[in-house]
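User: I have a structure open and would like to go through parts of it. Can we take it step by step?

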Amino acid sequence: MAELDDSAAVAVVGMAVRAPGAERDLDLFWHHVVNGVDAVTFFTPEQLIGWGVPKDVVERPDFVPARAVLGGADRFDHRLFSYSPSDSALMDPQQRILLECAWTALEHAGYPPVAADGNRIGVYVGTGLNVYLLDNVWPNERAVEAAGGLGLIIGSDKDFAATRIAYKLNLQGPALAVQTACSTSLVAVHQAAQALLTYDVDVALAGGATVAPPTRRGHLYEPGGIFSADGRCRAFDAAADGTVPGDGAGVVVLKRLGDALRDGDTVHAVIRGTAVNNDGSRKAGFTAPGPTGQTGVISAALSVADVDPETVGLIETHGTGTALGDPIEVAALRQVFDSVRPDRLPCALGAAKSIVGHLDTAAGVVGLIKTVLALKHRVIPPIAHLLTPNPAVELDGSVFELPTTARPWEPIDGVRRAGVSAFGIGGTNAHVVLEEAPAVRPRPRRHVTELVLVSAKTAAVAQDSLDRAVASVAGTTPGELADLAYTLRTGRAELPWRAAFLTGAHGSPATVRQADAKARARGVALYLTGAGELTGNRPNYDADPVYRRVVDEGVALLRDQDLDEAVRERCDRLLACVGLARSLRSRGLAPRTVAGAGIGAVACAVVAGIMSVADALGLIRGTNVDGIRLGPADLPVHASDGQPLTGGGDLAYWRARAAEPPAPATLPVDLDPVFWIEVGTSVTPHLGPDQPVLPADRHARLLATVGALWQLGVIGAWDGVQDTGRRRLPAPTYPFAATRHYLDAPATRLDTERHH
């Protein structure tokens, strides 16, 4: 197989879905896909009339009371996104759901959902018609009057779907609303991929949402039309007579493949090529499918991808299950994929609409997510409701098969590839060529205690997040715990309610606490003593590159030195003390001051940048003392009596400190009211009522200290050296505390006493 040009490849690194029956759960969505579980719901006349569907419509014989609906579409986590309840109730539920999907997709990719300034993250999304505005908001005159004209427009207009996400998540690349009817979200994927390849963005979100209020839970059947007579979508079946409307949403996070591999992202699949075109007038009517346009867009995407059609094993079709659409779609596919190759494995057709209905603007991205999952699981999923193939869909002599049960996906020429199609009413067609993710190269896995951090906007959600993180740790192999902890620490927003816990045997039950602005104002002091047992720091040496660097430097300087036991011990204490202090600083601790006595005071001089490790060791050994050059301190230093040390002291001062015995673990009173951490040959925080449980293991003890400080809100970002070689893994995402924010449509009364 010829090697493809990876410079033009785009990686799918994150996904979020809202699918009927599966809600936010990607695994449950895949379970439904692979088992052909239909998500369509049927409603009673009483339900429909209570929701505001006109009684005369419900009673029509051609009315079909069915739709694939989302649970909780009327609910929204307004606190997380800082919206008022009234603004939330006015906002188009499609845009609210897209906002939550964008948050989740970024977290699934391992990136914080609220980005740092200077980012180049773009947003390309679209929504369906805002029926909620028409059916629910407009009839509520008091709400409309209170909102005012501009407030109503901002909450309702399609134009703001992308910019709302960009504003709330601080995404500073292009934010564009995409609207091409049923192909909207796959066109958005195409635009996002193009923006990546032209370096307009470094990360791109793409997707769409379609959600209708309960007033639209049903449709009128028209023979030969797009909607089915019985509320089932039987794509490619002889009994196919249309699709059924559905609600759903999806967002994918895309990066250039080379960047994703460099940055340690989980690559779920690779986009090899995309294309978009329009039928023009080459079809029977504006709403009719155009076979020439479909053939053209698929051929163009394969050409862009530089992929041989004979290596494609699955096509996720538009698959509406209509008498006209299915045969035309297969005829167009045959123009591209028919082969005379005798050993050509069959190419399966897929149709997400057979289980979730027609998701309109969201159909393309949900079909893409379904196909990415199929590639990840290496499974060809079935087409639901397929009993007898439609004879009008001419498959004889073609490469295509219609799978009725799930089967293993065998590679073709050593690779698994797929295509995803979406064709919009009005003629805008899109096609994406996908390939399975490249194999991840094995690398050394560390098996040490890790610190796991979670946070949320409220105490209840923080507890839920904590429970999910604990369960995730329990289900993660020890070799991947470092990656999981890294993802949860760097790939989540830092919110006020927090919990921290250690993995492995050194962990203890975690408690949710609120970060305190007063605690942050107090700050932290390091009191360096150098005291404690010298043995026991091997876990720090093995797990901590900052600590290891200090020790290795000291060992190299002392190698071949003829030192008596007392001097050797003082040198070892200095190295342990400096190593631990630097390790704390590399984990985001910015001490307000450092203080110490004896060897700890000399360690203060090293930690504050007054002298080097080599000079400090020379001072202790009494060698080359006159060659020591003192520099200015880069943070305040206090002497053992608590007095500020101005000018960094002089050589005589530091020589005297080097001769003193190890200091007592008592902070000078003048440094109150800061929190303080005693640093000897291990670390001991002094945090008052927030004192953490301290394990005996030295590395776990240091991490427990960092976790407690993070909960208080006094720890910043870690130095990147602590994360060298780490990968981002899919990890538990934010459990939204969604509450109902919805204006109900006026119900029509089910009564027979109209004349009263």
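User: How many bridges join strand E19 to E20, and in which sense do the two run?

Analyst: Keep in mind that this is a predicted model. E19 covers residues 451-456, and E20 covers residues 497-502. Ala456 stands opposite Trp497 in E20. The strands are joined by 6 bridges and run antiparallel.

User: Which residue of E21 does Trp497 stand opposite?

Analyst: E21 is made of residues 513-514. E20 and E21 pair in the antiparallel sense over 2 bridges. In E21, the residue opposite Trp497 is Gln514.

User: How many of the residues of E20 are buried?

Analyst: Buried here means under 20% relative accessible area. E20 has 6 residues and is mostly covered. The number buried is 5.

User: Are helices H19 and H20 roughly parallel or roughly antiparallel?

Analyst: H19 spans residues 545-558 and H20 spans residues 565-586. Their axes come within 7 Å and cross at roughly 155°. Angles over 145 degrees count as roughly antiparallel. Therefore H19 and H20 are roughly antiparallel.

User: Is the crossing of H19 and H20 left-handed or right-handed?

Analyst: Handedness is a separate point from the angle. The crossing of H19 and H20 is right-handed.

User: How many residues of the contact of H19 with H20 are nonpolar?

Analyst: On H19, the contact includes Val546, Val550 and Leu558. On H20, Leu575, Val578 and Arg582 are among the residues that take part. The contact also has 4 polar and 2 charged residues. The nonpolar residues number 11.

Technical notes
Residues are numbered from 1 along each chain as its sequence is written. This is a predicted model: local features need pLDDT of at least 70, side-chain atom pairs count only at pLDDT 80 or more; totals for chains, interfaces and linings use all residues. Side-chain values use heavy atoms; hydrogens and water are left out. Axes are lines fitted to C-alpha atoms, for helices over the stretch in contact, and angles run from 0 to 180 degrees between N-to-C directions. Helices (H or I, at least four residues) and strands (E, at least two) are DSSP runs, numbered from the N terminus. Angles under 35 degrees count as roughly parallel, over 145 as roughly antiparallel, 65 to 115 as roughly perpendicular and the rest as oblique. A crossing is left-handed if the near helix is turned anticlockwise from the far one by less than a right angle, and right-handed if clockwise. Contact means heavy atoms within 4.5 Å. Ala, Val, Leu, Ile, Met, Phe, Trp, Tyr, Cys and Pro count as nonpolar, Asp, Glu, Lys and Arg as charged, and the others, Gly among them, as polar. Buried means under 20% relative accessible area, exposed over 50%, partly exposed in between (1.4 Å probe, protein chains only). Two strands pair if DSSP finds at least two bridges between them.
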